[in-house]
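Please examine the model shown here together with its sequence.

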Amino acid sequence: AFFYPNVQTSLVEGIFVDAHGAHATGFVDAVTPCTRYVSGAATVGRETAAQWVRVSFHDFVTHHTSDGSGGLDASIGFEADRAENAGAAMNDTIRFFRNRVNAKIGSADFLALSVSVAVQNCGGPIIPVRAGRIDATGPGPFGVPAPTTTLNDTLSMFGGAGMSQSDAITLVACGHTFGAVHHGVFPDVVGPDAITPNNTAGGVNFDDSPAVFDDHNVHAYIDGTGAKGGTLVTTPNVTSQSDLRLFSSDNNATLLALYNEQGSFVNTCATLFQRMIETVPSNVVLSDVITPQTLKPVNSTLDFDTNGNLIFTGSIRVLSNESAVAPESLTHTTSLNSTALNITPEDEGGYSIYGNTTFYPFNQPISKPSAFTSFSVIGSGISSETFAVQAQTFVVPSASSNSESEDGTVTVSFTVAVLNSSTAPIVKVSIPVVQPNTFGPLVEIFNNVAVTAAGTKAGYSLFTGSVSAGVWTHGTTEVAIVNGSGNELDVLMVV
Ligand code: HEM
């Protein structure tokens, strides 16, 4: 299958841009509207957007700049039963990611994505996202500040993770604009009177707009109005007044500066949140920032039709902002110089904060695969773009599938095709499976999977194989054809 500019970037971009409507990935819907609690009844009184931000903070803050360990690595999934990570948020969040994790996007990348999505979907600015984090395989060190943690210990926890005193204050002020403190989690901070039939967890919001990324908490704290900065400022239980201790630790200088920033407060927060989600173990190399693509081939692949002929199928997705209207048709040509295709849109499109998406499906025979090296797309108001392809070898979508046994284990069966050669390709299969002590999947990788010759089709030699793994988490499995150096020549995400 063909992904542009590469598999990981294409998949992550889809999570942002294919937010709602046709071909939606369903991720942004979890925080739409921002008051939504995706992991349980609305009457519980929890908020998924707030949970996502809190969970990433808890995963991040045990980073140690001294030895480059920890940071955003989803170790939090193994640490959910620690007192310092109290509440449903850790497991709710990692479990929500569970059936989305695959070989290209792990739980840690989903944490980063979730912070960006929560903020930008709830009125805040866009926080750029990079991918490439590596999921931890076990728990990390302790060290998340709690309401009762002393100021000194709190500052040294933030300091260990690379955040100065004013960074720490700012980060907390930015985090505590969302969500609530819950009686069910912190009974010493919030009393049982917060519980109502529509708020069974007994949440008391930090400010009057708990589902909007804004500076109301900062204003209420400085002005002494409304919730006055929230229950971690006002609780009569002095040892639990962690926000008051931290905010006043520099005589409120940082909070006053944030107060005066007015509208740009959220941008200051976005910059600091980006630093937080880019705090990763030192062996991690993050990708470039992933940005929306105006013209993007999606689900594009070679395949064999029912008559055994080679076809090139997929869709072109056009992203249009408010001022641009999607063209009525696109022209699609290949390096084979056959007649250009005029492709027209599906009735239903999608949308996100980046604009509207329109999908132009195509399906064309490929008569001479050896000369099929690229295709081009052009349309009114859309400048021509050419996309490289290789037709030497591919994983055959219509002959590859996952099957789940009664015990939940999964078998991936696949067919790979190689043009004009009877040499078997090197196949790598990656399967997200359940692992103990976390809801986060482990992506099991099988290198050099055995294949069996299975005849020929349209000039290609076919090989089949299969791999059985542990209990499937229902994330896409991946079949890749790799070269001798391990570089991926073709990748199919098997759904
Ligand atoms: C000294 C540091 C901090 C302490 C002691 C602290 C403490 C707490 C406590 C006790 C809660 C209530 C959790 C619940 O009852 O469900 C909470 C919620 C929250 N915290 Fe913090 N926090 C700190 C720093 C941060 C930072 C730096 C961020 C973000 C970058 C953050 C983001 C949040 C969010 C979004 C919530 C709301 C969660 C929800 O509604 O489910 N916190 N925090």
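## Basis and confidence

This is a predicted model, in which local features need pLDDT of at least 70 and side-chain atom pairs count only at pLDDT 80 or more, while totals for chains, interfaces and linings use all residues. Residues are numbered from 1 along each chain as its sequence is written.

The protein chain has a mean pLDDT of 97, and 100% of its residues reach 70 or more; pLDDT is the predictor's confidence in each residue, from 0 to 100. For the complex, the predictor gives an ipTM of 0.99 and a pTM of 0.98.

## Overall form

Eleven helices and 20 strands make up the secondary structure of the protein chain. Helices (H or I, at least four residues) and strands (E, at least two) are DSSP runs, numbered from the N terminus. The C-alpha trace spans about 80 × 50 × 45 Å along its principal axes.

## Domains and annotation

Three domains are assigned to the protein chain: domain 1 (33–277), domain 2 (295–391) and domain 3 (394–494). Their bounds come from an automatic or database domain assignment. The centres of domain 1 and domain 3, taken over C-alpha atoms, are separated by 39 Å. Contact between these two involves 15 residues of domain 1 and 14 residues of domain 3, where contact requires C-beta atoms, placed from the backbone, within 7 Å. Helix α3 (residues 89–98) contributes four residues, the largest share of the side of domain 1 that touches domain 3. That side has five nonpolar, six polar and four charged residues.

According to the unreviewed UniProt entry, the annotation "domain: Plant heme peroxidase family profile" covers residues 48–317. UniProt positions are given in the numbering used here, feature names are shortened, and annotations may be inferred rather than shown by experiment. Over residues 48–317 the chain is 37% helix and 9% strand, with its end C-alpha atoms 29 Å apart.

## Ligand shell

Which residues come nearest to the ligand? Of the 28 residues around the ligand, these are Ala 50, Gly 175, Gly 179, His 182 and Val 185; a residue counts as near if its C-beta atom, placed from the backbone, lies within 6 Å.

At least two shell residues each are supplied by α2 (48–60), α6 (165–175), β2 (180–182) and α9 (242–247). With five residues, α2 gives the most. By class, the shell holds 17 nonpolar, eight polar and three charged residues. Ala, Val, Leu, Ile, Met, Phe, Trp, Tyr, Cys and Pro count as nonpolar, Asp, Glu, Lys and Arg as charged, and the others, Gly among them, as polar.

## Local backbone features

Tyr 4 and Pro 5 are joined by a cis peptide bond with omega about -5°, and Pro 5 is in the segment before α1 (7–17). A cis peptide bond also joins Thr 32 and Pro 33, where omega is about -5°; Pro 33 is placed in the loop between β1 (20–21) and α2.

Asn 251, a residue other than glycine, has a positive phi near 55°. Asn 251 is located in the loop between α9 and α10 (253–261).
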